[in-house]
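Here are my notes on this model, point by point. Please keep the structure open as you read.

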Amino acid sequence: MSENCCDLKVRQIVPNFKLDIFDPSKGDFGEISLETQKANKKWTILFFYPADFTFV
């Protein structure tokens, strides 16, 4: 992802991205992308928090 990812505001379109994940249903690591989620018509909730051990 680019450095300007944090310039997003509520209701703006999120740019496509890919993330390495652990998939508990498979018990293995994999990759997920927003483009794939959209193509599969999956709901996606993006949640960002400032850092560990801080109040949200």
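1. Start with the hairpin. E1 and E2 form it, with 4 residues between them. Gly27 sits in the turn and has a positive phi of about 70 degrees. The strands run antiparallel: 6 bridges join E1 (residues 18-23) to E2 (residues 28-33). Two strands pair if DSSP finds at least two bridges between them.

2. A word on the basis. This is a predicted model, in which local features need pLDDT of at least 70 and side-chain atom pairs count only at pLDDT 80 or more, while totals for chains, interfaces and linings use all residues. Residues are numbered from 1 along each chain as its sequence is written, and side-chain values use heavy atoms, with hydrogens and water left out.

3. The overall layout is brief. The protein has 1 helix and 2 strands. From the N terminus on, the order is β-β-α. Helices (H or I, at least four residues) and strands (E, at least two) are DSSP runs, numbered from the N terminus.

4. Look across the hairpin at the aromatics. Phe22 stands opposite Phe29 in E2. The count of aromatic pairs comes to 1. The ring centres of Phe22 and Phe29 are 5.2 Å apart and their planes are at 70 degrees, so the pair is edge-to-face. The rule: rings of Phe, Tyr and Trp (its six-membered ring) pair if their centres lie within 6.5 Å; planes under 30 degrees apart count as stacked, over 60 as edge-to-face and the rest as tilted.

5. Phe29 counts as exposed, at 65%. Buried means under 20% relative accessible area, exposed over 50%, partly exposed in between (1.4 Å probe, protein chains only).

6. Now the helix. Gln37 lies in H1 (residues 34-39) and counts as buried, at 17% relative accessibility. Which residues does Gln37 touch, leaving aside neighbours within four places in sequence? They are Ile32, Lys42, Trp43 and Thr44. Contact means heavy atoms within 4.5 Å.

7. Thr36 is also in H1. Thr36 is partly exposed, with a relative accessible area of 40%. From Thr36 to Phe17 is 19 residues in sequence and 9.7 Å in space, C-alpha to C-alpha.

8. Last, the totals. Buried residues make up 9% of the 56 residues. Of the contacts with a separation of 6 or more, 9% are between residues 24 or more positions apart. The protein exposes about 5,800 Å², and carbon and sulfur atoms supply 58% of it. Accessible areas come from the Shrake-Rupley method with a 1.4 Å probe; for residues, only the protein chains shown count as cover.
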